[in-house]
Amino acid sequence: MAEPEMCPHLDSIGEVTKEDLLEKSKGTCQSCGAGGPNLWACLQSDCQYVGCGESFSDHSTLHAQAEKHNLTVNLTTFRIWCYVCEREVFLEHRPALLPVHAAPHTCKASEQEAPPPPLSHPLKGVPIAVAEDEGSESEEDEVKPRGLTGMKNIGNSCYMNAALQALSNCPPLTQFFLDCSGLVRTDKKPALCKSYQKLISELWHKKRPSYVVPTSLSHGIKLVNPMFRGYAQQVGASTQQDTQEFLRCLMDQLHEELKEPLTECSMSGEGSDEPDNEVTMSQTQSTPCSPVRTLQELHPKLSSSPPRSSPLRSAGPAYAFKKAQLLLSAKKKKQSHFRSVISDIFDGSILSLVQCLTCDRVSTTVETFQDLSLPIPGKEDLAKLHSSIHQNLPVKTGVCPDTYGSQGWVTFFMDSIRRFVVSCIPTWFWGPMVTLEDCLAAFFAADELKGDNMYSCERCKKLRNGVKFCKVLRLPEILCIHLKRFRHEVMYSFKISSHVSFPLEGLDMRPFLAKESPSQVTTYDLLSVICHHGTAGSGHYIAYCQNVINGQWYEFDDQYVTEVHETVVQNAEAYVLFYRKSSEESVRERQKVVALASMKEPSLLQFYISREWLNKFNTFTEPGPISNHTFLCQHGGIPPNKYNYVDDLVVIVPQNVWEYLYNSFGGGPAVNHLYMCAICQVEIEALAKRRKTEIDTFIKLNKEFQAEEAPTVILCISMQWFREWEGFVKGKDNEPPGPIDNSKIGVMKGGHIQLKQGADYGQISEETWQYLLGIYGGGPEIAVRQTVAPADPDSLHGERKIEAETRAL
């Protein structure tokens, strides 16, 4: 990648020492008196101004604009911002200037939109547990590793802080936002993914601030969901503004902003309504859970800059109406397949089966989940649950296997002893002994469908008694489990405070796995747990997280971060748990590749590999096939819209590393030369021409239509289709709409199609209708005004005479 130009405003910096900045950090904003940590010192020569960077005032920015001072430094993180370049600046190393260890750098162009205050612009992060420079962090990392940064409570926001800390300590997600910044691009508002990337870069910055203020992400989530607006957001679940709701909202929005359509080769492996179409995961395992240097850091060649070398689809014929509708529905179904880093990490699938107890018919559906919401069984539920272990469930043979069948007699024996000991203690003293495995067993237990809940059998065509149960079809890389502690009735809410014991290591999901599951790794280790202290109406959230660098557990209580023993975590009142797949084989797999990358043998060929997939290899236990389509088009070249930042999308690997990865994981395709796709370029130019022609023609015809005082023919067009067409010609949607679909605005009366009352439609001229119909086809044609025969002058005179006489009377 070409070196960016040096920031031309560095010469305006005066003499500033480390002691000067430390002294200023103890002060306040000179305009409003606000204290730290969000204070910025002006670096203009002979200027001693210190201002705040709060979003509602931002006096540091106001000072810079008024005085035309270009550079400012954050007094907590010592990161420097240039207002003119609108970029972060890394100064050349000057021992007397700043307490920052930085190699010579420049104002680095950012993929982010122009941010308001300096804090809106994140550093291009580094992978978790990986030093930026060889030996730059040796002993200090062992004392205080990265990621131990608190978050300030900005108004009953502990539910948000705890959730963000739990996500921050999920290595696959965090390393993506640190190492794959080139993929964090969106034109959707409020660009929450960029706010989240900024926050993660601050939490894992090597200067390790004591805490940060998640203002921008908080504002973004409130724009997405009004439920989180206002100061008086009680953290208790009675207001439904709890940490689990926040997690779902945040992850849904991140997926929406980062999603990309799946290629045809990827879609063949995605889940659908039938289990036969479920994804077939690679059986090869990779990636350890322990912090190991990534390939890019161990092999300098892997992060070097790659060298680069420097027909419009014709509109189809007019389709028959029904055929056009089928094509339209097929198009929409195809477009519904998307993926993102969120779905890659957190998405699993469940196979649900319902059996009719009369005809034995079994119907199946596949559903995607991002978290499992598990019930907490009570005393009676536990008794039924454990009695069903050795009893035949009301299911036909071979349909519902024994839940605990694969655990073995040793596990059952130990479980029986534990149950016996607990049963000897009064429940008022200890309460029912509930484990996370009990909650999972209760969730996956068979449900009888009878009485008011009978099953409508498609074969019998009647309501029948049935049984329903489900199994996991595909396990996610990170398993999020939500314990349903809060219950809400019409008049009141209450909290289930029963202690649920959960393993820190070795959670085995195999007993709950469907036979058809392609998942090879079924054991999980705990990453983080969110706890709620208090009642259903009020309380406080904290998070316990294991640091990926040193393996120690820490309590994250808003801005306070404290090391704790693992027994404290085990005794916690868990509410949301994050588990990560674990496999010793995956550790050895990555070590093999690291050894290959470290070999000094010359390589005749160098291959480009997707940076996003390499992040999966570094952090996933089952990364799946190599997917280089993140930077390639269907023709094998670089799409023109990605060509300018392809350096952020790829990593160079030597030939021996590529061959090992390709033989182990498959996928591809192999790429050892990057070039802009000429075919895509021609298509883009033709598409732009087509869009301009269509919109210009429509505007011209519509102006003529508006100028008509009494048009003889007015035709209708579905506004739903028109909005899709408008999105296409304005460049908001890359795919053209299907055939015109007026079926929803028309109704058949007397053998003729008429406009449906209350229909969502627009009025266009006959010429406009014929123009659009010629391009897209479809129909049917619906008129609101037909040609009317001219009235007879004599009869018109007679009508006027009668009207005048009537008025006289």
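Helix H16 (residues 436-444) lies across strands E10 and E17 and runs at about 125° to E17. Contact here means heavy atoms within 4.5 Å, and axes are lines fitted to C-alpha atoms, for helices over the stretch in contact, with angles from 0 to 180 degrees between N-to-C directions. The model is predicted: local features need pLDDT of at least 70, side-chain atom pairs count only at pLDDT 80 or more, and totals for chains, interfaces and linings use all residues. Residues are numbered from 1 along each chain as its sequence is written, and side-chain values use heavy atoms, with hydrogens and water left out.

**Overall composition**

- The protein contains 25 helices and 38 strands; helices (H or I, at least four residues) and strands (E, at least two) are DSSP runs, numbered from the N terminus.
- Of the 809 residues in the protein, 49% are buried, where buried means under 20% relative accessible area, exposed over 50%, and partly exposed in between (1.4 Å probe, protein chains only).
- The protein exposes about 39,700 Å², of which carbon and sulfur atoms supply 52%; the areas come from the Shrake-Rupley method with a 1.4 Å probe, and for residues only the protein chains shown count as cover.

- Strands E10 and E17 belong to an open sheet of four strands, ordered E11-E10-E17-E14 with antiparallel pairing; two strands pair if DSSP finds at least two bridges between them.
- Strand E11 (362-369) and strand E14 (447-449) are the edge strands, each pairing on one side only.
- On average, neighbouring strands of this sheet are turned by 30° against each other, direction ignored.
- Strand E10 (residues 348-356) and strand E17 (residues 466-474) run antiparallel and are joined by eight bridges; Ser349 stands opposite Arg474 in E17.

**The five-stranded sheet**

- Another open sheet has five strands in the order E2-E1-E3-E4-E5, with antiparallel pairing.
- Strand E2 (50-52) and strand E5 (87-89) each have a single partner strand, so one side of each is left without a neighbour in the sheet.
- Neighbouring strands here are turned by 35° against each other on average, direction ignored.
- Strand E1 (residues 39-42) is joined to E2 by three bridges, and the two run antiparallel; Leu39 stands opposite Cys52 in E2.

**Nonpolar cores**

- In soluble globular proteins, nonpolar side chains tend to be buried together.
- A nonpolar core is a set of buried Ala, Val, Leu, Ile, Met, Phe, Trp, Tyr and Cys residues joined through side-chain atoms within 4.5 Å.
- The largest core has 68 residues, among which Tyr196, Phe246, Ile530 and Phe578 touch the most other members.
- Helix H4 (residues 158-168) gives the most to this core, contributing eight residues.
- A second, separate core holds 40 residues, including Ile350, Leu385, Ala441 and Ala572.

**Salt bridges**

- The structure holds 19 salt bridges, each defined as a side-chain nitrogen of Lys or Arg within 4 Å of a carboxyl oxygen of Asp or Glu.
- Asp179 and Arg611 meet in a salt bridge at 3.9 Å, N to O, and both residues are buried.
- Lys581 forms a salt bridge with Glu622, with the closest N and O atoms 2.4 Å apart.
- This pair links distant parts of the chain, 41 residues apart: Lys581 lies in strand E27 (residues 574-581), and Glu622 in the loop between helix H19 (611-619) and strand E29 (626-627).
- Lys581 is buried at a relative accessible area of 1%, and Glu622 is buried at 3%.
- Arg723 and Asp760 meet in a salt bridge at 2.7 Å, N to O.
- Arg723 lies in helix H23 (residues 719-729) and Asp760 in the loop between strand E35 (752-755) and strand E36 (761-764), so the pair ties together parts that are 37 residues apart in sequence.
- Both residues are partly exposed, Arg723 at 44% relative accessibility and Asp760 at 40%.

**Backbone features**

- The peptide bond from Gly668 to Pro669 is cis, with omega near 0°, and Pro669 lies in the loop between strand E31 (667-668) and helix H22 (678-707).
- Gly779 and Pro780 are likewise joined by a cis peptide bond, with omega about -5°.
- Asp360, although not a glycine, has a positive phi of about 70°; Asp360 lies in the loop between E10 and E11.
- Lys461, also not a glycine, has a positive phi of about 60° and is exposed, with a relative accessible area of 68%.
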